[in-house]
Every structure is written in C-alpha cells, then in structure tokens.
There are 2 protein chains.
Amino acid sequence: QKRKSLSTKNLLQRLINGDKVALSQSITLIESEQKKHQKLVDKLITSSLPHSGQSIRIGITGVPGVGKSTFIEAFGKMLIRKGKRIAVLAVDPTSSVSKGSILGDKTRMQSLVNEKNAFIRPTASGSSLGGVARKTRENIILCEAAGYDVILVETVGVGQSETAVHSMTDFFLLLKLAGAGDELQGIKRGIIEMADVILINKADGENQKAAKQAQMEFKRALHLYPEKQSKWAPKVKCVSSLNNDGIGKVWDMIESYKNKTIENGFFHQNRFEQQKFWLYDSLNQKLKQNFYDNPKLKSKLKTYLTQIEKQEISSFKAADELYKYYLDLLNAK
Amino acid sequence: QKRKSLSTKNLLQRLINGDKVALSQSITLIESEQKKHQKLVDKLITSSLPHSGQSIRIGITGVPGVGKSTFIEAFGKMLIRKGKRIAVLAVDPTSSVSKGSILGDKTRMQSLVNEKNAFIRPTASGSSLGGVARKTRENIILCEAAGYDVILVETVGVGQSETAVHSMTDFFLLLKLAGAGDELQGIKRGIIEMADVILINKADGENQKAAKQAQMEFKRALHLYPEKQSKWAPKVKCVSSLNNDGIGKVWDMIESYKNKTIENGFFHQNRFEQQKFWLYDSLNQKLKQNFYDNPKLKSKLKTYLTQIEKQEISSFKAADELYKYYLDLLNAK
C-alpha cells in the first residue's frame with residue numbers, strides 16, 4: 001500500500017486533482033537525497049511538465065524586517081478572495097533553520113497557512129544556491145501541475161539568491177522601507193535593475209510622509225536605468241500590508257504586466273530564456289565540480305598557486321598545465 | 001643568425017637591457033599562432049616573470065571621442081619629463097582594424113610614438129576577449145621586464161573589456177565628458193564601481209562650467225557606493241588634456257594611491273587575487289570550450305533545447321543527461 005502511494009502515476013494523478021497532501025509528498029521526495037527517490041522525482045517532474053506553466057510566478061525580495069510575511073499574507077488572502085489558489089515557496093540557501101527563515105517559522109503566516117487554497121512550503125534544503133534553486137524550480141512545476149495560479153517565491157537575499165529567484169519568476173517585486181533619506185545607499189548591486197515594482201511597505205501612520213519621499217527618490221533612480229527588454233517601465237508604489245492599503249492595486253499591476261508582456265512576446269520568450277539559463281548554469285556547475293572536486297587536481301592546484309605567488313609561473317601557463325593534467329587524469333580512467 | 005635572435009636567452013637579455021626592438025619582437029611572438037612560437041613565448045614569459053611586477057599598471061577607459069589618446073599623450077609626456085619610461089597597451093577585442101582603434105592609428109599619438117622612453121603597441125589580435133586579455137597580460141610582463149615603470153592599458157569598453165582591464169591593472173581611470181546634465185544616464189553598469197578616479201576631460205573654454213557640474217553629479221553618485229576593499233575613496237577631477245591642465249595632479253593621485261595601498265597591503269594582495277582570477281578564468285574557459293565545442297555534444301544540445309521548449313524535459317534533467325553523455329564521450333576516447 002505504501003509503495004503504491006509513492007508511484008509516479010499515483011502521485012501525478014493526485015497532483016493534477018489538486019491534492020495538497022500529494023504535493024507535500026512530492027516535494028518531500030525532491031528534498032530526499034536517496035537515489036531511488038531521485039529517479040522517481042525525475043519521472044514525476046517530466047510527467048508534470050505538460051501540466052505546468054500556466055501560473056504567474058512572482059519573485060519577492062526584501063531584507064528581514066521589511067514585512068515580507070505580512071505582505072504575503074495580505075496579498076495572498078486578497079488573491080484567495082478573488083478565487084485564486086496560491087503557493088508560497090522560498091529560496092534561502094543555508095538559512096532554513098539557523099537564520100530564522102520567515103517560512104520556516106510558519107506561525108508568522110498563520111492566517112494563510114489555514115487557507116484551503118494556499119500552499120506554503122519553507123525553503124528547500126541545501127547549502128548551495130544551485131541545489132536550492134533547482135529544487136525550488138522543480139517545486140514550481142509541481143505546484144503548477146497541482147493547479148496553483150499564483151506562485152510566490154520569496155528570498156531574504158542571501159548572496160546571489162535574488163538573481164536565482166529572478167531567473168525563475170515572471171515578475172520581480174522588491175519590498176523596501178522608507179529610511180532616513182538616503183534610500184539608495186546600501187541597496188545591493190543589481191537589485192534595482194531586476195525589480196518590476198518597488199513597494200515601499202509600512203506606508204501607514206507616521207510613516208506615510210517618509211514613504212512618499214522614498215517613493216520619489218526611487219522613481220528618480222529608476223529613471224537612470226535603460227529600458228527593460230520587457231518594455232515594462234518599473235513602478236514604485238506605497239503600500240500598507242497592515243492596513244491592506246494598495247495591496248489590490250499590486251495585483252492589478254501584475255495582471256497588466258502579464259497582459260503587456262504576453263502581447264509583446266516577452267513573457268514566453270523570457271520563460272524559454274530562463275530554461276536555457278538553468279540548462280547552461282547546471283552544465284557549467286557540473287563541469288566545474290568535476291574538475292575542482294577532483295582530489296588529485298585539488299592538490300596540484302595548490303602547488304600551482306604557490307608557484308604563481310612566487311612568480312615562478314604565469315597564471316595562463318599554470319592553467320594550460322593544469323588542464324592538460326586533468327585531461328590525462330580523465331583518459332587514464 | 002636569424003634563429004639565434006629568436007632564442008629565449010637572447011631575447012630575454014635584450015629585453016632586460018631595455019631594447020625596444022626585442023620587446024616588439026617578443027610581442028610579435030605572443031601574437032603568433034604558430035606552435036613553435038608558443039613554446040618560445042612560454043619560456044620567455046616564465047623567465048621574464050622574476051624581472052616583472054615593479055611597475056604601476058593603470059587601466060584607462062572611456063567611450064570614443066572622450067579624448068583618450070590626447071589624454072594619454074599629455075599624461076605620457078609629463079611622465080617622461082619626470083624620467084619615467086611608459087608603455088601603452090590596449091584591450092579591444094575584434095576592434096584593432098575595423099573599429100578604428102585609437103592605437104591602431106598611431107598617428108594620433110605621434111608625439112608620444114617618437115619618444116625614446118615610450119613604447120606603444122596596438123591592441124593584441126584575437127576575436128575573443130579571453131585571448132586578447134591573455135596576450136595583453138603577457139605583454140605587461142614583458143614591458144615590465146624591459147624596465148617600463150608605468151604601463152597604461154586602455155580600452156574603449158567593448159563588451160566586458162573594462163572588466164578584463166580592471167582585472168590586470170592596479171588603478172582604474174574612467175574618462176568622461178561633461179554631458180547634457182544627466183551624467184549617469186547611459187553609463188555602463190559596473191563601471192562606476194571599478195573607477196578609482198573619474199576624470200572629466202575637455203574641461204576647458206566654454207566647457208568648464210558643465211565640467212564642474214558633471215564633477216558634482218559624479219561625486220554625489222560615488223557617495224552611494226560602499227567603501228572599496230582598497231580603502232581608497234574614488235575621486236572625481238576635471239582635466240584638460242589639451243591645455244595640460246590637471247594632468248600632473250592625476251599622477252600625484254596615483255602615487256598616493258600606490259603608497260596607501262602598499263601600506264595597507266591591498267596592492268600586493270590585489271595582484272595575487274588578479275593572478276588567481278586569471279588562473280580560474282582560463283581554467284573555466286577551457287572546461288567550457290572542451291564541452292561546448294565538441295561537435296557531437298553540440299548537436300545533442302540542440303535536440304535537448306527543442307525538447308525543453310516543448311516542455312518534454314526539464315532543464316535540470318536535460319543537463320544531467322547531457323553531462324552523462326559528455327563523460328561517456330570522454331571515456332570512449
């Protein structure tokens with residue numbers, strides 16, 4: 001009986017019927033490091049693919065304290081009232097336990113957790129961003145097969161995680177707080193370029209004036225960037241997740257983004273570009289891993305680094321020799 | 001007789017004696033695609049290494065028309081008057097002939113070309129940035145072995161060439177013109193972060209007011225970036241290469257940069273980091289080349305891309321299978 005419940009066919013059927021338990025079980029399989037589970041996952045993903053792709057995938061980033069979970073709750077409940085089914089995933093390598101990931105602490109999205117039409121899953125496990133990203137992308141496919149219309153993928157932005165989330169979503173949302181005036185200071189490089197909308201959160205009570213000011217400064221900054229490939233002009237809006245202020249408009253905006261980019265062809269072109277990106281990214285990771293993780297090569301590399309530091313050999317010559325050594329190793333197998 | 005003049009020992013001896021003809025010959029060898037020349041170059045570089053490293057390497061970038069050659073002439077002649085020997089190299093992949101590289105057109109630096117203590121060499125040949133960069137780095141080593149104190153490496157900034165130049169120099173200089181007010185608009189991403197100084201060129205005559213304004217705007221922009229690892233606070237200065245205005249001060253600044261970064265350890269640490277960067281960069285290039293240039297793999301990759309587009313396979317599964325195929329190919333050899 002148990003074995004049967006883990007068959008691909010059974011899982012897929014239940015997934016397509018929107019069975020939350022099947023979705024959880026499938027994701028648990030993705031998390032598993034066991035070989036036999038991996039094979040099952042491969043089959044499950046492949047057979048889920050034709051049922052995937054119809055959702056809108058939204059990336060959400062913002063530093064801890066910006067109010068991501070409150071925003072996601074307000075946003076998610078609004079969508080559920082509109083009859084949508086929403087899934088919340090996360091990409092935070094190494095953070096799942098130790099760094100107090102928002103989603104690890106499910107109590108903070110309590111009102112959403114209990115909704116029939118919401119599915120919340122903490123960040124995939126794994127210490128490398130590549131591994132976490134792969135699992136999250138696979139989770140997206142499963143969530144879509146299970147009929148979720150809106151997939152939120154959040155990150156607190158450790159290392160390159162925003163880039164990873166940006167590369168697997170259709171729309172990228174940056175949450176900010178109004179600060180002490182110099183709004184752009186301290187913003188991570190490249191984040192502004194990725195954002196399709198910047199939301200100044202907690203624009204309520206005494207914060208409203210500062211929020212308006214921040215909004216102006218970000219608008220000015222966005223002005224300096226070249227036009228996006230999507231032809232979408234990024235927006236800056238003030239919202240209050242607490243008072244549910246402006247939340248509905250965010251969804252309207254995302255819908256008009258989707259319409260515009262489907263019409264001009266960017267939406268699907270971008271998804272294919274993302275698939276290619278992940279293909280090449282995985283391939284390059286594998287190539288490097290196979291090289292740099294080779295124990296013989298590791299010690300050889302160390303020797304060369306010492307020689308380089310002593311100016312005994314140039315970096316290029318060292319690379320030539322190391323690579324030749326690697327090919328010899330492969331051929332000797 | 002001719003064969004003798006191409007021996008490593010002979011070339012090296014003449015190089016160390018500061019013989020310009022030997023330097024030219026050596027660089028021509030680097031440019032050569034012949035296997036026997038490559039071997040000679042390898043030896044020459046290795047034996048030049050202990051005699052290299054004592055110069056200051058300055059990267060210079062700026063769009064065509066910004067006055068790079070006029071600046072380099074004014075800057076170079078000032079250095080020669082101070083008793084320095086200067087070498088001017090360039091990194092502009094594919095541009096050497098067709099795009100009218102400044103250095104290809106030597107007549108534009110006529111007064112410098114005729115100086116005994118100046119050595120000017122057009123950009124290395126090659127269509128890939130990696131290839132051009134390697135040759136230029138090797139040229140730097142030879143120029144240093146030949147006793148040049150100041151190495152200028154210029155680029156017009158095609159593709160990633162600024163990053164390449166930045167990764168082989170100690171100090172990075174960005175030339176700009178005062179524009180129509182919105183100075184930051186259109187500046188390539190990442191360039192500002194690399195600059196140790198931004199020089200507003202042609203700050204003469206009617207341009208002076210606009211130059212001062214541009215200077216202020218850039219200062220404001222620099223303020224937004226986090227402190228550099230070198231602990232050097234980037235400067236913004238107005239210069240007139242035409243009137244020789246401010247040129248001497250640029251050198252004073254570079255000297256104080258060198259003193260500061262030698263003292264805090266960044267100077268040499270950075271050079272070692274650069275060497276490591278080029279080692280890893282070359283290795284990664286080789287790994288990718290060997291993979292993606294494989295004809296069998298190329299056609300297999302094409303098939304998988306079609307399958308991915310049709311949603312028949314996930315990017316990750318495709319990567320797994322392609323990589324397995326590659327390993328099988330290697331083992332079958």
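## Helix H14 of chain B

In this predicted model, the buried residues of H14(B) are Ser315(B), Phe316(B), Lys317(B), Ala318(B), Ala319(B), Leu322(B), Tyr323(B), Tyr326(B), Leu329(B) and Leu330(B). Their packing partners lie in both chains: H4, H7, H12 and H14 of chain A, together with helix H12 (266-292) and helix H13 (295-309) of chain B.

Helix H14 of chain B comprises 18 residues (residues 315-332), which at 1.5 Å a residue should span 26 Å. The end C-alpha atoms are 26 Å apart, in agreement with that expectation.

## Extent of the interface

The contact between the two chains involves 54 residues of chain A and 55 residues of chain B. About 5200 Å² is buried between chain A and chain B, and carbon and sulfur atoms give 62% of this area. On the chain A side, Leu287(A), Gln311(A) and Phe316(A) lose the most area to chain B, together accounting for 14% of what that side buries.

## Polar and charged contacts

Four salt bridges are found across the interface of chain A and chain B. Arg134(A) forms a salt bridge with Asp320(B), with the closest N and O atoms 3.1 Å apart.

## Composition of the chain A side

Helices H4 (35-48), H7 (129-145), H12 (266-292), H13 (295-309) and H14 (315-332) of chain A each supply at least two residues of the side that touches chain B. The largest share, 15 residues, comes from H12(A). By class, the residues of this side of chain A divide into 25 nonpolar, 13 polar and 16 charged.

Key. Residues numbered from 1 in each chain as written. Chains lettered and ligands numbered in written order. Predicted model: local features only at pLDDT ≥ 70, side-chain atom pairs only at ≥ 80, totals over all residues. Heavy atoms only, no water. Contact = heavy atoms within 4.5 Å. Buried area = accessible area lost by both parts, 1.4 Å probe. Salt bridge = Lys/Arg side-chain N within 4 Å of Asp/Glu carboxyl O. Helix = DSSP H or I, 4+ residues; strand = E, 2+ residues; numbered from the N terminus. Nonpolar A, V, L, I, M, F, W, Y, C, P; charged D, E, K, R; others polar. Expected span 1.5 Å × (residues − 1). Buried < 20%, exposed > 50% of the residue type's maximum accessible area, 1.4 Å probe, protein only.
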